[in-house]
Amino acid sequence: MLAHDARALITGGSLGIGLALAQQCAREGRPVTLVARRRGPLEDARRAILAQTSGAQVDVLELDVSDEAHVQAALSAELEARPAALIINNAGVSRPGRFTELAPSEFRRHMDINFHGAVAVTRVALPHLIAARSGHVVNVGSMAGAIGIYGLTAYAASKFALHGFSECLRAELAPLGVGVSLVLPPETDTPML
């Protein structure tokens, strides 16, 4: 069980599900680090949370999770400065389209952000969590990662990969005191969609 004031680090934290999670964490008194690619939406999200929750602690980190070298450097520094016990891998993209209509680059982009991004963030965060023998990694998947949905070939493939990664990681980390959860939201009204 995480302390109520343990910091949460949320990728894709400037919009949609990530922002809603950050708002909930702030309401509960949990410090939050929002991670996203663009400074403007990050600052907008930070201001929105501070306006909603007096006294909230909200920091931002501009970071593209698909850039593994940048994740390694920037996230390592961030976690040294502000350790987080709750890592929420929420960054994602979705480009609907049938397989025959999507460019190969769309499949790579989905995998780079939706899957490899979560792997890169988790790889950097785990030494901190394992050393503390506590903490939790939450991977935001999708129902499309459990049931293939027509027209979501690239998206579903990346979320199925995240699903398998989460199940394996949960088994590996349980003896080390670190929890892993996979969240499977249904279609959700977010800016991504």
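Helix α3 (residues 68-81) lies across strands β1 (8-11), β2 (32-36) and β3, running at about 160° to β3. Axes here are lines fitted to C-alpha atoms, for helices over the stretch in contact, and angles run from 0 to 180 degrees between N-to-C directions. Helices (H or I, at least four residues) and strands (E, at least two) are DSSP runs, numbered from the N terminus. The model is predicted, and local features need pLDDT of at least 70, side-chain atom pairs count only at pLDDT 80 or more, and totals for chains, interfaces and linings use all residues. Residues are numbered from 1 along each chain as its sequence is written, and side-chain values use heavy atoms, with hydrogens and water left out.

The sheet is open and is formed by six strands in the order β3-β2-β1-β4-β5-β6, with parallel pairing. Two strands are taken to pair if DSSP finds at least two bridges between them. From one strand to the next, the twist averages 15°. Strands of a sheet pair through backbone hydrogen bonds, either parallel or antiparallel.

Within this sheet, β1 and β2 run parallel and are joined by four bridges; Thr11 has Val35 as its bridge partner in β2. Strand β4 (residues 86-89) likewise pairs with strand β5 (residues 136-140) in the parallel sense, over four bridges, and His136 of β5 is the bridge partner of Leu86. Strand β2 is mostly covered, five of its five residues being buried (under 20% relative accessible area with a 1.4 Å probe and protein chains only; exposed is over 50%, and partly exposed lies in between). Val32, Leu34 and Ala36 are buried on one side of β2, and Thr33 and Val35 are buried on the other.

Helix α3 also packs against helix α4 (residues 104-132), the two axes coming within 9 Å and crossing at roughly 30°. That angle makes α3 roughly parallel to α4, because angles under 35 degrees count as roughly parallel, over 145 as roughly antiparallel, 65 to 115 as roughly perpendicular and the rest as oblique. The crossing of α3 and α4 is right-handed, a term for a near helix turned clockwise from the far one by less than a right angle, anticlockwise being left-handed. Contact (heavy atoms within 4.5 Å) is made by Glu68, Val71, Gln72, Leu75, Ser76, Leu79 and Glu80 of α3 and by Ala120, Val121, Val124, Ala125 and His128 of α4. By class, seven of these residues are nonpolar, three polar and two charged. Ala, Val, Leu, Ile, Met, Phe, Trp, Tyr, Cys and Pro count as nonpolar, Asp, Glu, Lys and Arg as charged, and the others, Gly among them, as polar.

Leu19, Ala22, Gln23, Ala26 and Arg27 of α1 meet Ala45, Ile49 and Gln52 of α2, a contact of five nonpolar, two polar and one charged residues.

Two loop residues complete the description. Thr53, in the loop between α2 and β3, counts as buried at 11% relative accessibility. Leaving aside neighbours within four places in sequence, Thr53 is in contact with Ala26 and Arg27. Arg133 lies in the loop between α4 and β5, and its phi is near 50°, a positive value in a residue other than glycine. Most residues other than glycine have a negative phi.
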